[in-house]
Amino acid sequence: MVIRFCLGLDLFLRTGINDDRLMLSNLFLASSGVPQGSHLSSILFSLFINNLHHVLHHCHFLCFADDIKIYLRVCTPNDCTKIQSDLNRFSDWCNTLGLTINYSKCKIMTFTRSRSPLKSQYFLNGNAISRAIECVMDLGFRLSYNLDPSVHIEYVCCKAFKTLFCALVRPILEYGAIVWDPHTADNSRQLESVQRRFLRFAIFILKIPCTPHNYTPAATILGLSSLAERRRVAGINFLAGLLNNNIDSPVLLSLINIKIPFRSTVPFFVPHASTNYMANEPLRHLMSIANEDPTFSDKLII
């Protein structure tokens with residue numbers, strides 16, 4: 001049985017303008033953490049909580065900076081009671097020191113190969129601690145309930161494949177896409193085929209269950225949307241940035257046809273084009289896709 005905590009330390013930082021050579025900010029309360037950027041931060045925090053071993057009467061603990069794991073072998077219901085009593089003492093100790101427990105990051109994890117393990121609900125300051133069922137992330141490792149490394153291996157492989165694709169391949173496919181965003185199905189499929197080839201390779205290596213020619217499960221696991229959707233979102237954000245003055249280009253801004261009143265039906269007036277080439281000119285294309293997005297107005301600072 002392992003219970004993980006992430007704690008925060010309240011600090012008062014003294015600030016003010018004391019001399020002409022030293023510019024300091026006003027006094028403020030930092031609700032968590034130790035002095036940022038210091039090599040001694042972890043050591044200072046460890047010294048601050050160095051008496052934790054006097055607080056826990058039954059459980060053992062592992063501590064890495066502000067990451068604390070409390071654990072005990074559970075064989076009988078009495079062991080569950082011991083854990084809860086230590087948690088109560090731990091909670092009182094934190095309150096005495098002025099430490100704030102981040103309950104959202106506290107997890108219970110039972111490591112066992114038994115089919116019917118003894119489990120109990122545990123509380124901190126009256127707050128029920130959520131239980132991790134299949135696995136838990138700890139210091140970069142994904143630990144399964146039966147300590148099978150397969151879960152972590154699958155995680156790091158997915159992360160490595162995604163990082164490799166997103167860092168080296170996808171930027172090539174998206175560089176300047178706002179200018180050349182394809183309007184024909186053939187060109188769009190040609191671009192998507194690169195990502196589909198990557199997904200097909202990932203399915204084979206990671207053994208992701210998929211039906212033939214269906215790459216959606218792999219894309220969902222890797223967190224990859226289609227390239228067409230990414231180009232659409234990038235275009236919407238570019239147009240919103242132009243109107244919000246985050247992109248400094250008066251020439252482009254002057255070419256945008258805003259419909260009056262702005263919130264009547266659609267935000268932009270798109271002039272009629274006699275050819276597909278003109279209809280898909282970049283700014284005209286961006287105004288068209290913005291008119292089809294009901295949330296576009298929410299992106300603007302008006």
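Predicted model: local features only at pLDDT ≥ 70, side-chain atom pairs only at ≥ 80, totals over all residues.
Helix α6 is followed by K207, whose phi is positive, near 55°. Residues are numbered from 1 along each chain as its sequence is written, and side-chain values use heavy atoms, with hydrogens and water left out.

**Helix α6**
- The 22 residues of α6 should span 32 Å at 1.5 Å a residue (1.5 Å times one less than the number of residues), and its end C-alpha atoms are 30 Å apart, which agrees.
- A kink of about 25° is centred on S193, the bend being the angle between axes fitted to the seven residues ending at a residue and the seven starting there.

**Aromatic pairs**
- The count comes to four aromatic pairs (Phe, Tyr or six-membered Trp rings with centres within 6.5 Å; stacked under 30 degrees between planes, edge-to-face over 60, the rest tilted).
- F165 and F198 form a stacked pair, 4.4 Å centre to centre with 15° between the planes.
- This pair links F165 in α4 (residues 150-174) with F198 in α6 (residues 185-206), 33 residues apart.
- F165 is buried at a relative accessible area of 2%, and F198 is buried at 11%.

**Whole chain**
- Of the 302 residues, 33% count as buried.
- Eleven helices (H or I, at least four residues) and twelve strands (E, at least two) are present, as DSSP runs numbered from the N terminus.

How values were computed: Buried < 20%, exposed > 50% of the residue type's maximum accessible area, 1.4 Å probe, protein only.
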